[in-house]
Amino acid sequence: MTLSNKETGPAPGTISCEDIRTGTSAEVLSRAILDNLYYLLGRVPALATPHDWYTAVAGTVRDRLLDNWVKSMRLLAGEVGAMRAVSYLSAEFLIGPQLGNTLLCLGLTEPVRQAVAGLGLNLERLLEQEEEPGLGNGGLGRLAACFMDSLSTLGFLAIGYGIRYEFGIFDQVIRDGWQKEVTDKWLRFGNPWELPRPEFVYPVGLGGKTQAYTDDQGRFRVRWTPHTVIRGMAHDYPVPGYRVPMVNILRLWKSEAVESFDFGAFNRGDYYGAVADKMRSETISKVLYPNDEPEIGKLLRLAQQYFFVSCSLQDMLRLHQLKGLPVERFHETFTVQLNDTHPAVAVAELMRLLVDEYLLDWNRAWQVVQSTFAYTNHTLLPEALEKWPLPLFRETLPRHLEIIFEINKRFLDEVRLRFPLDDARAARLSLIEETGPKYVRMAHLATVGSRAVNGVAELHSELLKQTVLRDFYELYPEKFFNVTNGVTLRRWVALSNPRLTGLISEKIGDRWISRPEDLQQLEELAGDPDFQHRWRRVKQENKERLAALILENTGIATDPKSLFDIQVKRLHEYKRQHLNILHVITLYNRLKRDPGWTGPPRTVIFGGKAAPGYFMAKLIIKLIHAVAEVVNNDPTLEGRLKVVFYPDFNVKHAHPVYPAADLSEQISTAGLEASGTGNMKFSLNGALTIGTLDGANVEIREEVGAENFFLFGLNAEEVLHRKTEGYRPGDCYQNNDALREALDLIRSGFFSHGDRELFKPLVDSLQFDDPYLLLADYQSYVDCQDEVGRAFLDPARWTRMSILNTARMGKFSSDRSIREYNEKIWQVRPL
């Protein structure tokens, strides 16, 4: 078989070198895998480990990306055309395993499956070899990954910038019901998807002092002499679009010492001192989100944030200059999106680079800055809006603090002109908090330094304008937008739920994977008995798959025919996993009192990580396990109620979870969840939602129909009213027998082997404080769960609701989000 079309190509029966790198037939792919195994890894098939085979397959697939990847790099460098690019700055990119997603995007899943089968291998087992990249924690990082996917699919030139963490946040293991954190060594076998770029290295200063001087043209200047200088080296990851030639770049920075080895110290016998700079410098990119409770943790986290934005801006300026354009036109080359406040110091850093390094005057530099940045806010929780103690900021970034002071001075002059004699307003708007200890307010810096500010759901954006950024909205109403979050259907349906993907594509074609609005065509099938039967069969097979994984990972046997009631997300009190477990205890009490109760069998599944220093969240995990121990081992229940905590929840482990859910728990206190994206993943996969009017739940309910959404609880306005009027959770406890029984059972030690003290902090918090209004919403939640049970017992009704959820969720594609960002904020031209 001749695969080369060159005139001087090889003889018949041979495969050209070019085809080995780019060919897509099973035969060529099989040969390429063997070549990579031998020439890249130095292995022969007889001695290769499963991970060796995975690496060889990954390298083979990556080869098929490289041509388009290089073209994108040339576009960024201005070698081809003069396109404006989106730069996405994020402290997290939770990209998930890459092999399966890349095969999907390239349309190579079946050819590669055939190729590896011909080598005696199983593709699914090879996919299991891939480590979860430890580059993010939760929704923020996953959103960034979805957006990068959509930017590529829609043909927008983009580059994502972040940190190449050597260790992820942590691997979660459960010991005696408690979360224990284990080092996430995701890079221990290397990563076949990254390309180190030692030619792209930038210096980053920390600490030191500043000195004012007048240059030879009589202009005021400041010289910063850092105490420490480290280097950031680029590592690139490909981000392919779905069935399009665009392959964008995710560029992550690794910290290094300027000099990694001190020969003088070594020769003096100071062997540790010889590598001290290397160890200190590499700490910057060592771990995702160091514990910032101690002062040294705060310092490291601030240093991390500055490190990656400085490297990124220096890199963007280099790319801009490759186009031969003056620095004053930087914003014509890049529009930079700040994903929350973690990269907000970029505002001060770009000013420093423009004023101190490129010698622009202040006003022109500020115009460039404000024309470059846009800021996405992700939280309404005041404690989550980053602010840095002034002494710490001065110690770490002395020049930047001077720049922030100058920005603040000029900004407050503008405020006083607009609102004369309103000192209280000026104090609220100031970039420096001066009530008590002084802090630098990073959300304020991002807002002042950006041309646009957006929330991530309609409710969140309105509350943002009414609460934490109200004064800024009154000052700059034209800056504020809403862009509701979305998720990529490529990973969260097509890849993770191939059975459902096959069924949908059989009926309406596969265009919906990149045109989610096509899912609406499923509406006309929602009542079709045959289609309903096939839909239920897909769901049942997905539940059986998850049940097998639960048994393998936890030892708990579950009934796939039961209602799979799932809540998987970061552990936090406002997300109210403990409201869910209170309902479990209520169900348990009912079944004990009335064994003939007619509700459906239910399997309640939890998953998610608690921050290492968050005691109450970790206590909730312990309570879930304690309740599970009692419930799962009570023979009188006859398996009608099971409780599972699925450990170490991440992107890889999420793939089988969302497709298996019957019920999606989105039960946060109204007004506190910015958007949520798990709610979208569940609904797209046909789960029904029980939830409050919080975050994107509001819009999901509008889209899928109120009759296909289980609503309970206070809304945001009612929550505020209850708190303002003086909320007394003790009254809820006294006036509700079922609630009192559930809390008293916990307090009695029934779930803790008689230990009354173990869960006392949690029960006391609910009974005497309850900041997230669990007890206020408890009865509404229980009643709504009863309605869920009745609906589940009617398969035709439930299946129709499930189909309509999927059919009406096209709005919540990240493709739509990216189009809105571009229309409202970026205004860049796609390829």
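# Notebook: contacts and pairs

The model I am reading is predicted. Arg-410 is also recorded here as partly exposed, with a relative accessibility of 35%. I then noted that the side chains of Arg-410 and Glu-406 meet in a salt bridge, at 2.7 Å from N to O. The two residues are separated by about one helical turn, because they stand four residues apart in helix α15 (residues 398-418). I next looked for a network and found that salt bridges with shared partners join Asp-422, Arg-425, Arg-428, Arg-470, Asp-471 and Glu-474.

I looked up the total and found 59 salt bridges in the structure. One of them pairs Glu-166 with Lys-286, whose closest N and O atoms are 2.9 Å apart. Glu-166 sits in the loop between β2 (158-163) and β3 (171-175), and Lys-286 in the loop between α9 (276-282) and α10 (295-322), so this pair ties together parts that are 120 residues apart in sequence. I recorded Glu-166 as partly exposed at 29% relative accessible area, and Lys-286 as partly exposed at 24%.

I then turned to Asp-315, which forms a salt bridge with Arg-251 at 2.8 Å between the closest N and O atoms. Asp-315 belongs to helix α10 and Arg-251 to strand β9 (residues 247-257), so the pair connects parts that are 64 residues apart in sequence. Are these two residues buried or exposed? I found Asp-315 buried, with a relative accessible area of 0%, and Arg-251 buried, with 4%.

**Entry on aromatic rings.** A search of the whole structure gave me 21 aromatic pairs. Tyr-588 lies in helix α23 (residues 577-593) and Phe-750 in the loop between α30 (737-747) and α31 (760-768), so the pair ties together parts that are 162 residues apart in sequence. Tyr-588 is buried at 5% relative accessible area, whereas Phe-750 is partly exposed at 39%.

For Phe-712 and Tyr-781, I noted ring centres 4.9 Å apart and planes at 50 degrees, so this pair is tilted. Phe-712 is in the loop between β22 (710-711) and α28 (716-725), and Tyr-781 is in helix α32 (residues 774-792), so parts that are 69 residues apart in sequence are tied together. I found Phe-712 buried at 2% relative accessibility and Tyr-781 buried at 0%. I also found a cluster in which ring pairs link Tyr-88, Phe-93, Phe-147, Tyr-821 and Trp-826.

**Entry on cysteines.** How many disulfides are there? My count came to zero. Cys-105 is in no disulfide, and the nearest cysteine sulfur, that of Cys-146, is 12 Å away. That distance is too far for a bond, because a disulfide needs the two sulfur atoms within 2.5 Å. I recorded Cys-105 as buried at 2% relative accessible area and Cys-146 as buried at 1%.

**Entry on Ala-452.** I located Ala-452 in the loop between α17 (442-448) and β15 (453-455). This residue is buried, with a relative accessible area of 3%. Among the residues that Ala-452 touches, I listed Phe-373, Tyr-375, Phe-481 and Ile-825.

**Entry on a surface patch.** Finally, I found that Tyr-38, Tyr-39, Val-44 and Leu-47 form a nonpolar patch on the surface, with about 480 Å² of accessible area together. Val-44 lies in the loop between α2 (26-39) and α3 (50-76) and is partly exposed at 35% relative accessible area.

Technical notes
Residues are numbered from 1 along each chain as its sequence is written. This is a predicted model: local features need pLDDT of at least 70, side-chain atom pairs count only at pLDDT 80 or more; totals for chains, interfaces and linings use all residues. Side-chain values use heavy atoms; hydrogens and water are left out. Buried means under 20% relative accessible area, exposed over 50%, partly exposed in between (1.4 Å probe, protein chains only). Contact means heavy atoms within 4.5 Å. Patches are made of residues with over 30% relative accessible area and no salt bridge: like charges are joined within 9 Å, nonpolar side chains (Val, Leu, Ile, Met, Phe, Trp, Tyr) within 5 Å. Accessible areas come from the Shrake-Rupley method with a 1.4 Å probe; for residues, only the protein chains shown count as cover. A salt bridge is a side-chain nitrogen of Lys or Arg within 4 Å of a carboxyl oxygen of Asp or Glu. Rings of Phe, Tyr and Trp (its six-membered ring) pair if their centres lie within 6.5 Å; planes under 30 degrees apart count as stacked, over 60 as edge-to-face and the rest as tilted. Lists of a residue's contacts leave out its neighbours within four places in sequence.
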